Amino acid sequence: MPFTAYATQEDMTTAPWGGELVTLTNIDDSAASSINVAVLEQALRDGAAEIDSYLGGRYDLAAVHALDPLPRVLMLHNRIIARKILDSTSPREAVIDDYKATIRFLERLQTGVATLGLETPAEGGDDAPVYKAPEPVFSRETLSDYAAF
C-alpha cells in the first residue's frame, strides 16, 4: 500500500480532542453526526506533505515512508498539523500554539538539532566526506630546540 500519511483516522479519533472531529470535518453541515472521512484523510495527507517538506532535505523520504513502524513522533505531529488544517475556518489559540510548536520541532529536525533516530548521510556512511592534509611542518618536537629563551 502506498504511503499517504503518518497518522490514521484512528490516531485522530483517539487524540484527546478526537471528539471535535465531527464538527471540524463537517463545517458546511452542522447537522452531521459522523466524521467526514474524505475531509479528514485529505487533512492528514496535507499534514504529511508539510512534514515531508521539512524532512526531505535531511532524510530519504522513501526510506522513512517504508519504516514499520513509523516513528511515533511523526504521527503525533501529523495529527497536530491535520487538526490545524481542519480548524482553519476559525482557528483557536490552543490549536495555533500546538501547530507552532510542531513547526519548531520540524525546523529542528530539518537543521539536525533534533533527529528521528535514523542515520542520515551527514552522520556517516559511505557518503561521508574524507579529509586529507599533509603532515604539519612545525610541531612540539621540531620546535623543541627553540623553546628555551
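Of the 149 residues in this chain, 32% are buried. Buried means under 20% relative accessible area, exposed means over 50%, and partly exposed lies in between, with a 1.4 Å probe and protein chains only. The model is predicted, so local features need pLDDT of at least 70 and side-chain atom pairs count only at pLDDT 80 or more, while totals for chains, interfaces and linings use all residues. Residues are numbered from 1 along each chain as its sequence is written, and side-chain values use heavy atoms, with hydrogens and water left out.

Start with the overall plan. The chain has six helices and zero strands. From the N terminus, its elements read α-α-α-α-α-α. Helices (H or I, at least four residues) and strands (E, at least two) are DSSP runs, numbered from the N terminus. Contact means heavy atoms within 4.5 Å. Among the contacts with a separation of 6 or more, 70% join residues 24 or more positions apart. The accessible surface of the chain is about 9,800 Å². Carbon and sulfur atoms hold 54% of that surface. Such areas come from the Shrake-Rupley method with a 1.4 Å probe; for residues, only the protein chains shown count as cover.

Now take helix 3, which covers residues 37-55. Its 19 residues should span 27 Å at 1.5 Å a residue, and its end C-alpha atoms are 26 Å apart, which agrees. The expected span is 1.5 Å times one less than the number of residues. Which residues of helix 3 are buried? They are Leu40, Ala43, Leu44, Gly47, Ala48, Ile51, Asp52, Tyr54 and Leu55. Their cover includes helix 1, helix 2, helix 4, helix 5 and helix 6.

Helix 3 also meets helix 6. Two packed helices are described by the angle between their axes and the distance between the axes. Here the axes of helix 3 and helix 6 come within 8 Å and cross at roughly 35°. Axes are lines fitted to C-alpha atoms, for helices over the stretch in contact, and angles run from 0 to 180 degrees between N-to-C directions. On the helix 3 side stand Glu50, Ile51, Ser53, Tyr54 and Leu55. They meet Tyr99, Ile103, Leu106, Glu107, Leu109 and Gln110 of helix 6. By class, this contact has seven nonpolar, two polar and two charged residues. Ala, Val, Leu, Ile, Met, Phe, Trp, Tyr, Cys and Pro count as nonpolar, Asp, Glu, Lys and Arg as charged, and the others, Gly among them, as polar.

Next comes the core. A nonpolar core is a set of buried Ala, Val, Leu, Ile, Met, Phe, Trp, Tyr and Cys residues joined through side-chain atoms within 4.5 Å. The largest one has 30 residues, of which Met12, Leu55, Leu106 and Leu109 touch the most other members. Helix 2, helix 3, helix 5 and helix 6 each supply at least two residues of this core. Helix 3 gives the most, with seven. Leaving aside neighbours within four places in sequence, Leu106 is in contact with Ile51, Tyr54 and Ile81.

Helix 5 runs over residues 72-86. Its 15 residues reach 21 Å from first C-alpha to last, close to the 21 Å expected. Its buried residues include Leu74, Met75, Asn78, Arg79 and Ile81. Helix 1, helix 2, helix 3, helix 4 and helix 6 are among what covers the buried residues of helix 5.

Tyr6 lies in the segment before helix 1. At 4% relative accessibility, Tyr6 counts as buried. Beyond four places in sequence, the contacts of Tyr6 include Ile51, Leu55, Leu74, Met75 and Asn78. Tyr6 and Arg79 are 73 residues apart in sequence, yet 8.3 Å apart C-alpha to C-alpha.

Gly57, between helix 3 and helix 4, is exposed at 78% relative accessible area. Pro69 lies in the loop between helix 4 and helix 5. Most peptide bonds are trans. The bond joining Asp68 and Pro69 is cis, with omega about 5°.
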